Amino acid sequence: TRVIGPLRPGGLGSIAPGVALMLGASVAPAENSDLIPTDRPSHSNSTQTVPFGAVQIESGVDYSRSRVSHGQTQQQLLLDILFRTGITSRVEARLDINPVVWLKDADTDVGFGDVTVAVKYRFFDSQEGSWWPSLGVLPFVKIPSARSPIGSERVDIGCTGLATFDLPWQLGLDLNVGLAGIGQSEGAYFLLQETVSASLSRQITDRFAAYGELFYASPSERHTRDVVGFDAGVQYLILPQVVIDMAAQVARGTPGPDFAITAGLSFRFGL
């Protein structure tokens, strides 16, 4: 998964507007793996940070389809680019942008999406062979650069606690707990959202990994419903420090995509 942000009808990787319960997440490489750790294509984030001085770019194309009012269908295609850079061995800065968003319902809109600024800080490392997790936090701010109806035109803020377990059989478990304030166009300026996640991934070979994910998100807007869904995907190393991924998602609830697919490319410079 990506920088935590609002789960609106258009986004495959959004989480912030709701409480998320996830089984399967970012693919965490085993010690002998050649895969670079990424926070996509799943929704959730591990405690792993980009090494000091390195720059990692995680990009993808997401397509989603949602049922909206009166049986109408909304479709969205967007380009997502996440920039991650290591500030220290435990801290990374993150910039998530959607440079192109195509939205089609009754009308068709094309424009620039929102920008999310975040910091990931891992403050505790687990010992090798221990069942205790590594721990971190991920505070973020969404800058409302997208015009309506592509974006909400409101600021979102939040912080998610992260825990990552290294399990036997090359399994990885990520747990997330957080709160987010979602900007509202009506009523109070923010709607408070709680976030909970549990994620599981499996390293299959040095170059190949897979995950499955269950998620739950409370409403991001008033008079909407909780979102429950499932997604699964794979990652494959094609070149040193270059990884491709694919994933698919189904979900029920509003606002949120009923069906979504994504494909992406991630690579690292510096290390």
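Which side chain meets that of Arg-122 in a salt bridge? The partner of Arg-122 is Asp-125, at 2.5 Å from N to O; a salt bridge places a side-chain nitrogen of Lys or Arg within 4 Å of a carboxyl oxygen of Asp or Glu.

The model is predicted, with local features requiring pLDDT of at least 70 and side-chain atom pairs pLDDT 80 or more, whereas totals for chains, interfaces and linings use all residues. Residues are numbered from 1 along each chain as its sequence is written, and side-chain values use heavy atoms, without hydrogens and water.

**View 1. The salt bridge of Arg-122 and Asp-125.** Arg-122 is buried at 13% relative accessibility (buried, under 20% relative accessible area; exposed, over 50%; partly exposed, in between; 1.4 Å probe, protein chains only). Asp-125 is partly exposed, at 29%.

**View 2. Salt bridges of Lys-142 with Asp-114 and Asp-156.** The closest N and O atoms are 3.6 Å apart for Asp-114 and 3.3 Å apart for Asp-156. Lys-142 lies in strand 6 and Asp-156 in strand 7 (residues 156–167), 14 residues apart; strands are DSSP runs (E, at least two residues) numbered from the N terminus. Relative accessibility is 2% for Lys-142, 14% for Asp-114 and 0% for Asp-156, and each counts as buried.

**View 3. The largest nonpolar core.** Ala-118, Leu-138, Phe-140, Leu-162, Ala-180 and Ile-182 form this core, a set of buried Ala, Val, Leu, Ile, Met, Phe, Trp, Tyr and Cys residues joined through side-chain atoms within 4.5 Å. Strand 6 (134–143) and strand 8 (171–183) each give two or more residues to the core.

Conventions:
Helices (H or I, at least four residues) and strands (E, at least two) are DSSP runs, numbered from the N terminus.
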